[in-house]
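I'm opening my notebook on this one. Let me put the sequence and the model up before I jot anything down.

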Amino acid sequence: MLLDIVKYGSAVLREKAVPVPAVTSELVHLAEDMLQTMYHAKGVGLAAQQVGRLESVCVIDVPANCEESEEVKAFNASVKMPLVMFNPVIISKSGEQDGKEGCLSFPNMGGHVVRADQVTCQYTDVSGRMQIVTVRGFLARAVQHETDHLNGVLYVDLMSAEDKLALANKLKKLANKNGGNI
Ligand code: NI
């Protein structure tokens, strides 16, 4: 089922997600709906708040061709897509990358964000098993972007001052249209 994607300005995007005590069939169903919604919107990641929910869950599907180097593709190759992560927590970060990023809650916008180049993330999978993945490059960017969402942090908070200034009017209009919460 396609879900409505919450846009910037809505209060729920600033709320913190609550860890789920167990991965129930209802939560697996929610994750499936989130994936369907993400693919339909041509996104590579989606977090619970973006569909108006506060359970700690995000979904990610970054195609290998989004990575700039063969080395990063090879590094990430063992990570099966899509990633469905319940209660994800980044447990270590290293390096730095500066790249362009977008978000389904900010249609037709993008800006540069500096992020760690490599992250290790612990999460619970759809079977309720604890997993740990280490990823690099654009996939690492997506994991950081989605775990930020679950903490009520949006990529505009981290965007370069120059890009944020260039988007200021668009951001204001979008926020005003969706409840005015920035
Ligand atoms: Ni986003």
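**Helix α1**

I started by listing the buried residues of α1: Leu27, Leu30, Ala31, Asp33, Met34, Leu35, Thr37 and Met38. Buried means under 20% relative accessible area, exposed means over 50%, and partly exposed is in between (1.4 Å probe, protein chains only). Helices here are DSSP runs of H or I with at least four residues, strands are runs of E with at least two, and both are numbered from the N terminus.

Before going on, I noted that this is a predicted model, where local features need pLDDT of at least 70, side-chain atom pairs count only at pLDDT 80 or more, and totals for chains, interfaces and linings use all residues. Residues are numbered from 1 along each chain as its sequence is written, and side-chain values use heavy atoms, with hydrogens and water left out.

What do the buried residues of α1 pack against? I found β1 (45-47), β2 (57-60) and β3 (83-94), with contact meaning heavy atoms within 4.5 Å.

Just after α1, I saw lysine 42 with a positive phi of about 60 degrees.

**The nickel ion**

Which protein donors does the nickel ion have? I got Cys103 (SG), His145 (NE2) and His149 (NE2), lying 2.1 to 2.2 Å from the ion. Donors are N, O and S atoms within 2.8 Å of the metal (3.2 Å for Na, K and Ca); water is not among the atoms, so sites may look incomplete. Along the chain the donors follow the spacing C-x41-H-x3-H.

Histidine 145 and histidine 149 are about one helical turn apart, because they sit four residues apart in helix α3 (residues 137-150). I also looked up burial: cysteine 103 is buried at 10% relative accessibility, histidine 145 at 6% and histidine 149 at 1%.

**Strands β6 and β7**

I saw β6 (residues 118-124) and β7 (residues 130-136) running antiparallel, joined by seven bridges; strands pair if DSSP finds at least two bridges between them. Glutamine 122 stands opposite isoleucine 132 in β7. The hairpin has five residues between the strands, and glycine 128 takes a positive phi near 85 degrees.

**Cysteines**

How many disulfides are there? My search of the whole structure gave zero, a disulfide being a pair of cysteine sulfur atoms within 2.5 Å. Cysteine 121 is buried at 0% relative accessibility. Its sulfur lies 7.0 Å from the closest cysteine sulfur, in cysteine 58, so that is too far for a bond.
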